[in-house]
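Please read it alongside the model.

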Amino acid sequence: MKKAIKYFSFGLSAVLALSACSDQFLQDKKNYDNVTTDVYNYVEGANARLNDIYGWCLPQVADLTTGTNYLSVSIGNNDAAGGATEEYAGFTIYTDPQIALSSMGTSNGVPDYFMGAHNNIQNSVYGRIRNINDFIQGVNGSTLSQENKNLMLGQAYFFRAWCYYNLVKWYGGVPLVKEVLEPVKENFTPRATTKETIEFICSDLDLSARLLAEKTMKGGWTGEDWGRVSTGTALALKGRVLLLWASPLFNRANDQARWQTAYAQMKQELDSINACGYGLFKGSSNVNGSDFANQFLSSSINPEAVFVSLYNNIVADGSDIQRNNNWERAIRPKNTGGSGKNAGLALVELFPMADGKMADLNVLPALTEVGKRTYTDTYTKLERSQYTYDETAPYMNRDPRFYRTFAFPGFRWAYSGDPVPADANNPSYDSGKNYVLWNYVWYVDLNDQGNPESGNSYGADNLLTSKAGIYVRKKSDDLDVNPSPLYNYDPIASQHYYSGAPLIELRYAEVLLNLAEAACGAGQMGEAVGYLQQIRARAGYTAENNYGLQANLGTDQAACMSAILYERQIEFAYEGKRFDDMRRWMLFDGGTLTEPAADPDSEAQPLPSSWKVTGWGGNTCTWLGFKPWNGQRRERVEFRTGNQFGVGGTTADSDPLVKAGVERPAGVNFSVADIESQLTTLKTWYNTNLVTQYKVGDGRDSQKNALYVAFRPKYYFLGLGQGAQSHNPDLPQTIGWADYNRGGSNGTFDPLAE
């Protein structure tokens with residue numbers, strides 16, 4: 001095979017501190033741009049090269065499509081992927097009804113996850129693959145012992161599979177470059193079929209698992225090596241790949257053989273994953289979802305972390321070992337050193353109630369367009385809760401994970417650090433140890449107070465214009481959960497807001513839910529329910545009410561699959577998984593491939609009728625009882641001071657409640673087992689002093705008419721952008737996208753053709 005991907009350099013970047021290396025060797029080989037193949041004859045040299053692969057290929061805490069990290073996966077930010085789901089509000093490039101993505105230019109250009117930075121080998125997907133192939137070739141030809149070769153190659157094959165997985169899920173079949181090729185025109189590799197790509201990924205993962213078995217299937221890596229990929233990591237990713245291949249995105253006719261294969265292999269390999277030391281994270285006591293919260297905060301060996309990126313708190317000192325996690329800064333309110341993430345109303349309302357079931361949102365009072373719940377008939381095959389959702393106090397009677405996912409005015413959110421040196425108006429709350437979030441708002445003009453689009457409001461406790469209605473709390477380093485903080489806010493230090501918390505890309509909970517989904521697809525619903533029960537048990541449910549699950553899941557395949565997808569939506573909220581699930585199950589239109597009610601796409605290309613879903617009754621959404629996401633809206637919500645308090649000013653000391661002498665209740669402490677009385681007290685305070693006000697989330701047009709989610713059917717498979725096409729003129733464009741090299745004609749590559 002040949003390839004048409006051009007490279008301009010081949011270098012070796014700085015070694016990351018993922019394992020110990022000989023100091024003398026590092027001194028001798030300081031210039032990593034000029035190493036020769038001899039580097040692979042030394043354990044230290046080969047390890048340094050391997051660590052370089054880790055550094056460039058591990059998931060990063062970054063947006064999917066911004067800056068130098070745009071080749072990273074989505075990890076829960078309000079980026080192009082996360083912002084297209086129920087987790088946030090506001091259109092992204094994938095849901096904007098007024099602007100379609102283009103493969104013909106840079107304006108509104110389709111994201112380039114295929115090539116990336118064409119002139120930077122490390123920021124290019126195929127540049128990373130080239131480095132991995134060079135490593136595989138170098139180690140195979142080295143004088144290292146077979147034991148060392150196996151150990152190193154096992155990790156390299158995993159990362160090659162990881163790179164290709166992140167291509168196939170967007171594009172289907174891609175060029176499979178398996179060796180180091182010179183960047184000349186003659187070295188052209190055509191796009192493989194999707195089936196060939198999936199098989200190649202699984203082959204690499206099987207090889208990785210075998211090579212790493214001797215070292216990692218006796219409890220996994222230990223000491224300084226913990227965090228490296230293992231046999232279990234490879235098999236867990238393989239399960240994700242097999243599930244992708246069986247899902248409607250690639251399996252429009254619901255070919256049962258794919259489900260059976262995925263189920264059989266995943267079930268057979270679960271013991272091997274367990275043998276690597278992986279399992280659900282569980283602490284000594286689980287109070288209001290504390291185990292669920294604490295799984296993200298273990299910087300030592302963590303059974304939940306099947307595939308993980310490790311971080312540290314090292315301050316920038318000119319070395320190459322600083323690796324900080326800025327997630328905590330991103331979610332924390334401004335008066336604790338962060339910027340905050342504003343949760344969308346949709347997921348807040350779709351989250352389970354305390355009995356494990358979704359609330360019946362249809363019984364709520366009728367609303368105006370802003371705040372109108374377009375998603376009330378979602379998951380219609382799942383039973384509704386006995387609890388009534390209270391829109392004035394959305395936190396009442398919720399799933400334990402709710403309190404670890406969102407933060408409302410009056411919630412404790414303890415941390416370590418003193419924010420006062422940064423701004424004297426910031427509340428100290430005993431240097432963060434007793435911090436309570438008070439993010440209610442007031443307005444400075446009565447005309448703005450009822451305007452759903454007005455941003456002329458100010459947040460309490462010196463949040464002022466930097467405030468969110470409901471904060472995302474997921475993966476937070478909560479001092480009440482983790483007494484050994486990984487996040488320490490010190491406004492005097494140069495790196496005062498970075499955390500050493502790990503980023504878990506693939507959790508053991510996903511291993512179980514992937515297997516549950518494969519089992520359900522293969523007709524083994526009873527077994528699927530057993531895996532759901534394990535997830536629910538860790539969340540805090542008991543067998544007393546069947547872990548909050550309805551009774552018919554073991555006999556009704558559609559209801560069972562719907563329950564699994566719902567569980568994934570809740571369990572993995574703000575972890576970057578929801579958009580992939582929505583694409584896998586074609587939840588935007590059910591696979592009918594109908595154009596959304598939106599402005600015409602000037603580059604619209606016909607999609608073949610063979611792409612329409614024929615399994616699942618011809619519509620995955622109807623079969624699941626899921627209301628298609630196209631045509632829906634997401635709003636936001638805030639809690640403002642009551643009308644009786646009038647308006648306030650623009651400064652921290654102009655809070656109308658403070659001026660009126662209103663006393664705040666104690667913050668809700670979730671480390672106390674019984675929180676019902678605390679929440680009831682807070683609700684009473686809300687009802688006396690605050691008003692629930694809905695705000696515009698998804699956009700409106702110039703005439704103030706509401707706009708709705710419009711995911712175009714061609715987005716299920718991305719096309720090659722102009723840059724990738726111009727650098728690879730012989731590669732065929734994907735069907736549904738205009739071919740830049742052929743005058744804008746429809747692409748010819750079919751991701752569904754075998």
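## Basis

This is a predicted model: local features need pLDDT of at least 70, side-chain atom pairs count only at pLDDT 80 or more, and totals for chains, interfaces and linings use all residues. Residues are numbered from 1 along each chain as its sequence is written, and side-chain values use heavy atoms, with hydrogens and water left out.

## Helix pair H4 and H5

Helix H4 spans residues 146–171 and helix H5 residues 194–216. Helices are DSSP runs (H or I, at least four residues) and strands are runs of E (at least two), numbered from the N terminus. The two axes come within 8 Å and cross at roughly 155 degrees. Axes are lines fitted to C-alpha atoms over the stretch in contact, with angles from 0 to 180 degrees between N-to-C directions. H4 and H5 are therefore roughly antiparallel (over 145 degrees).

H4 passes H5 in a left-handed crossing, meaning that the near helix is turned anticlockwise from the far one by less than a right angle. The contact (heavy atoms within 4.5 Å) includes Leu151, Tyr157 and Arg160 of H4 and Ile198, Asp204 and Lys215 of H5. Its residues divide into 15 nonpolar (Ala, Val, Leu, Ile, Met, Phe, Trp, Tyr, Cys, Pro), 6 polar (the others, Gly among them) and 3 charged (Asp, Glu, Lys, Arg).

## Positive phi

Asn254 has phi near 60 degrees, a positive value in a residue other than glycine. Asn254 lies in the loop between helix H6 (231–246) and helix H7 (256–275).

Asn397 is not a glycine, yet its phi is positive, about 55 degrees. Asn397 sits in the loop between helix H10 (345–350) and strand E2 (406–407). At 28% relative accessibility, Asn397 counts as partly exposed (between buried, under 20%, and exposed, over 50%; 1.4 Å probe, protein chains only).

Notes: Parallel < 35°, antiparallel > 145°, perpendicular 65-115°, else oblique.
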